[in-house]
Amino acid sequence: MGDVAKDLAAGTVGGAANLIVGHPFDTIKVKLQSQPTPAPGQLPKYAGAVDAVKQTVAAEGPRGLYKGMGAPLATVAAFNAVLFTVRGQMEALLRSEPGQALTVKQQVVAGAGAGVAVSFLACPTELIKCRLQAQSALAEAAADSGVALPKGPMDVAKHVVREAGTKGLFKGLVPTMGREVPGNAVMFGVYEATKQYLAGGQDTSNLGRGSLIVAGGLAGAAFWLSVYPTDVVKSVIQVDDYKKPRYSGSVDAFKKILAADGVKGLYKGFGPAMARSVPANAATFVAYEITRSALEQMERFMHSLVEKKLQTELATEHSLLQKKMGDVAKDLTAGTVGGAAQLIVGHPFDTIKVKLQSQPTPPPGQPPKFAGAMDAVKQTLAAEGPRGLYKGMGAPLATVAAFNALLFTVRGQMEAVLRSEPGAPLTVNQQVIAGAGAGVAVSFLACPTELIKCRLQAQSALATAVPAPATAAATATAGATTATATVAAVKYGGPVDVARHVLRSEGGMAGLFKGLLPTLAREVPGNALMFGVYEAIKQQLAGGHDTSSLGRGSLVIAGGLAGASFWGSVYPTDVVKSVIQVDDYKNPKYKGSMDAFRKILAADGVKGLYKGFGPAMARSVPANAACFLAYEVTRSALG
């Protein structure tokens, strides 16, 4: 087991010990830090730490002392693993030779580096934790503003992302770094200095658990003594309201706390913090040292036990692993090249397809925006120029490597699993299974990419759409009217703008996966059929012989027909996916995939499920032919 793995495991155990011992103290600290300054003549909500404990237990029971533990518990492994791993790697860099003990000054530098790394993980975790811990202290203010208190870590995260986007989770990053960098520098320095003092020299490996407890406890106390005011500033900023903030930043918070409460305001909750720091950090360091020592002993034992046997077996395994990794790398590279070829050839056709799919059904007596594929091309060129045909290409271009690499790599790995013996060709049925598995994998990447692409491609089609008039005739044909009503479209500046808008206004990360079900319903059967047809045609063209000797013309034919079979088999699900992904979030026309399917049928009949089918089929043959040809040629060149 490498040093990184040992630091990861030992850091995780140490972090869990710290959390179990210290969280109740931390809850009281945050409650005292975040309670608002009372009006003149009024008493604060909590008279002190003991009073905060009493009120918390009385109002919420003992569980109230562990409120907000979910966020740090979920990230305790990552947080302490990063802390101790970065510190361990910096120790390795600072050593003049392997195995040499570090000086106290070098431990200070290593601790500061670890503090920088963990700040970016600590900030969102601390924000969620503080908001939950401070609920009771802020309950009255929340009631006055009519804001509902969050119910748990995920609720806090969703609320923050909805109010301020992903960057809202990093509110208070500056004071977090102002706490973690100097705090960890001092903590690791004091820890090493105390260990060396107790050991009477630099070799501290023989210290007992009692000495480690003393060193860890003093190190924790040193952390909080050195940086406590920055922790107070961090807490008040992180529980501050996003819409009506009291503080414009860290310096402003510092000044206002001093003005309102004096220097003592910067030490609110200091008692519980210090009471927590000694036992919690003692538990952290003892758990870390014991776990790391046990892992090293286990490693030495296992190494001596199996050294001779492994020399032979590892050589064989290494050879097999190199071959497997080589195949994956070839599939990744060839899939990327194939995907780029497909995108360059096919995107203009795809743009026209989406415009036709997403244009609303016109009111009775009015013509649709686009009379057909050629009309859509003409209008797009007239309004936006040739670049309009490539609108929305940014998102798939950014992910083309990942998408096709994933598609062909998963398919390649499934082929390896399905083969009766290494190198044996697959049957058509096995290719169908491999394609279906690849379809499942790529759906989760395709869905957000397609959503962003469709929004950009459909902008001009939706730009002039207005709600259908609510006349008596319209009411009589409720299904059709509902399907044709369209809200005014949002004007997007590009792929990143679409992603930001969805994250901010359409349900956060879940909004990017709108239309996942029809995406799966397109990708799974579509890829199953496409790879099956591709293999069947190759075998037919090869006359039952080895298909590896087929020429490029044969590969173009097989790839083109395979692409046509994809779209011929699943096109209605693509129409459903497109209309759901461009649907308005606040006033949706469709409740889900089945509702969209029914309303399209009611409004336009079966032909509504084949809007844009011509451009899709015109695209499928050359685009997929280019994709498969580029893949096969690249894969062959790589060996």
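Author: Let me begin with confidence: across the chain, pLDDT (the predictor's confidence in each residue, from 0 to 100) averages 79, and 79% of the residues score at least 70. This is a predicted model, in which local features need pLDDT of at least 70 and side-chain atom pairs count only at pLDDT 80 or more, while totals for chains, interfaces and linings use all residues. Residues are numbered from 1 along each chain as its sequence is written, and side-chain values use heavy atoms, with hydrogens and water left out.

Reader: Where is confidence lowest, and where is it highest?

Author: The lowest mean, 34, belongs to helix α15 (residues 472–476), and the highest, 94, to helix α7 (residues 173–199); helices here are DSSP runs of H or I with at least four residues, numbered from the N terminus.

Reader: Ok, new topic: how many aromatic pairs are there?

Author: The count comes to 14, where rings of Phe, Tyr and Trp (its six-membered ring) pair if their centres lie within 6.5 Å, and planes under 30 degrees apart count as stacked, over 60 as edge-to-face and the rest as tilted. One of them joins F531 and F628 edge-to-face, at 5.8 Å centre to centre with 80 degrees between the planes.

Reader: Which parts does that pair tie together?

Author: F531 lies in helix α18 (residues 516–541) and F628 in helix α21, so the pair ties together parts that are 97 residues apart in sequence.

Reader: Is F531 buried or exposed?

Author: F531 counts as buried because its relative accessibility is 0%, with buried meaning under 20% relative accessible area, exposed over 50% and partly exposed in between (1.4 Å probe, protein chains only).

Technical notes: Helices (H or I, at least four residues) and strands (E, at least two) are DSSP runs, numbered from the N terminus.
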